Amino acid sequence: MVKSIVVIILLLTLNFSSFEDKIPDYLKENEKVVNVDFFNVYGKSFNIEGSFEDGGNVIDLNLVLEGEVKYSFPLKYKIENGKINYQLNKNINEGINLEEITPGTYQVILEIFHSDTPVKASLVNANDVADVEYYTFNNDGLSNKIVTISKDKSFFLSVVEGVTPNNVFDIVIDPGHGGSDTGPVIDGYAEKDFNLKYALDLEVKLSALGYKVKLTRYDNEVNIPTYGLNSRVGMPYETKAKIFLSLHFNNIVSEQRFYGTEIYAAPNLNLDFAKKLADNIVEYGNGSYSPSQFSKVMNGVYVRNFKSYQIDEFRKMFDEKNTPFYESISTSTPYYFVIRETGGLMTGAYVDGRDDRYDENPYYRSNIAAEAYLIEYAYMSDPSDLNKIINNMDGFNKGVIESIINY
Ligand SMILES: [Zn+2]
C-alpha cells in the first residue's frame with residue numbers, strides 16, 4: 001500500500017518537472033586549453049574536431065566526459081609541424097552515441113598522453129557554431145535533454161531527465177510530392193498516394209512501438225513548402241527529430257528494365273543503417289535490389305552527389321545572373337535536397353536565399369540535424385514491382401520498422 005503511494009507521487013513529480021539546464025557553478029580550469037573548431041550532432045551522434053599546438057611527442061589522445069561517471073573516447077589525430085589536428089570520427093553518424101550518456105553534468109576535456117600520465121586540457125569553442133540541444137528517443141513520455149554549454153575555457157554536456165516536450169519528435173517521415181505535384185501516375189496510381197499511404201502506415205506502427213512520429217504532410221491535396229517554417233526541410237529541425245525518412249516510389253522510361261529498392265544517403269556516413277534498410281525492405285517486402293549501377297555503393301545502397309558537369313552548369317547559371325556561386329558545392333555534396341538540406345553544415349546544405357528560384361532554408365548552417373534517408377521502395381514503372389507496391393505494403397514497411405528497432 002505504502003509503495004503504491006510513493007509511485008504515484010513520483011509520477012506526479014515527473015509530470016511536472018521540466019528540463020532545466022544545470023549550468024555548473026564551477027569551472028575546472030586545466031592548465032592547457034585546446035580549441036574546438038567544430039562540434040555537431042547528426043542523428044544520435046555527437047562529433048567534435050579541432051587543433052592545438054604541442055611541442056611534445058603525443059602517443060595517444062582521448063576525449064573524456066568527466067562527471068559522476070567517466071566516459072573516454074579515443075580520438076583520431078594527425079601531427080603536422082607540431083600542430084595536432086584531432087577528430088572523433090569522420091562519419092557524421094558515428095562518434096559519441098548520445099542515447100547512452102546517463103544524466104549528469106560532464107566537463108568535456110582532452111587527455112593528451114606523452115607518457116602514461118596524461119596532460120588534461122580544457123576545451124574552448126573557437127568557432128561560431130551554436131550550442132546544441134538534443135532529446136533522446138521518447139520512452140513512455142520521457143526523454144533526456146542534452147545540451148552543450150561552451151563558455152569561456154570550458155565545454156560541458158548537461159544531461160537532464162524530463163517529460164518529452166510536445167513539439168519534440170523522434171522520427172519525421174516525409175511522404176514525397178503531394179498536391180498538384182503528383183509524382184508519376186501509372187495505371188491510375190499516383191506516386192503521392194502511395195507515399196502518403198505508406199507514411200500513415202509507418203506512423204501507426206512506429207507510434208504503437210513508443211516512437212513519437214510526425215509526417216511532413218497528412219493532406220494529399222496540398223502542396224507543402226520545401227523550405228521555411230513547417231516545411232518539408234524545416235520540420236525535422238523544428239521537431240528535433242533523430243531520424244528523417246523521405247518516402248518515394250521510382251519511375252523510369254527506358255529500354256533496360258529497372259526495378260527494386262534503392263536507399264539514398266549522404267556520402268560521409270557509416271552506411272550500415274542504409275544497408276539494413278535495403279536488406280530488410282527487400283527481404284520482408286519480397287522485393288529485389290535495384291540493378292541500377294548509377295551512384296551505387298552496395299546492393300540497395302546509393303550515394304548520389306553532384307557530378308562536376310552539373311556543378312559547371314549550375315555555376316554558369318549563376319555567372320549569367322551575376323550572382324556569386326556557392327563556394328561549398330563540390331562532388332561530395334549530396335544531390336538530393338531531402339538529404340542535403342536536412343543535414344545542415346554536416347551534409348553541405350547551401351540554400352541560403354541567393355538563388356531566387358527557392359526560398360531560404362533557415363537551417364542551412366545548423367550543427368544539429370536528423371539522420372536522413374531517401375527510400376525508393378520499388379519502381380512503379382515496372383509491372384511486377386507495381387503489383388508488390390499495391391499488395392506488399394505490410395512487408396515493405398516491416399523492413400523499415402525492423403531496421404529502426406535494431407538501430
Ligand atoms: Zn518521388
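**View 1. The length of helix H4, residues 272–284, in a predicted model.** The model shown is predicted. Helix H4 has 13 residues. At 1.5 Å a residue, H4 should span 18 Å, and the C-alpha atoms at its ends are 18 Å apart, so the two values agree.

**View 2. Buried residues of H4.** Which residues of H4 are buried? Phe-273 and Ala-274 are buried. Then comes the run Lys-276, Leu-277, Ala-278, Asp-279, Asn-280, Ile-281 and Val-282, also buried. An α-helix has 3.6 residues a turn, so residues three or four places apart point the same way.

**View 3. What covers H4.** Several elements cover the buried residues of H4. Among them are three strands: E18 (262–264), E20 (301–302) and E22 (371–379). Helix H8 (393–405) is also included in this cover.

**View 4. Just after H4.** Look at Asn-286, which follows just after the helix. The phi of Asn-286 is positive, at about 55 degrees.

**View 5. Two domains in one chain.** Domain 1 takes in residues 32–163, and domain 2 takes in residues 171–405. The C-alpha centres of these two domains are 31 Å apart. Their contact draws 20 residues from domain 1 and 17 residues from domain 2.

**View 6. The side of domain 1 that touches domain 2.** Which strands each supply at least two residues here? They are E1 (32–42) and E10 (133–135). The largest share comes from E1, with 4 residues. By type, this side of domain 1 has 10 nonpolar, 6 polar and 4 charged residues.

Methods:
Residues are numbered from 1 along each chain as its sequence is written. This is a predicted model: local features need pLDDT of at least 70, side-chain atom pairs count only at pLDDT 80 or more; totals for chains, interfaces and linings use all residues. Domain bounds come from an automatic or database domain assignment. Two residues are in contact if their C-beta atoms, placed from the backbone, lie within 7 Å. Ala, Val, Leu, Ile, Met, Phe, Trp, Tyr, Cys and Pro count as nonpolar, Asp, Glu, Lys and Arg as charged, and the others, Gly among them, as polar. The expected span of a helix is 1.5 Å times one less than its number of residues. A residue is buried if 20 or more other C-beta atoms lie within 10 Å of its own, exposed if 12 or fewer, and partly exposed in between; C-beta atoms are placed from the backbone.
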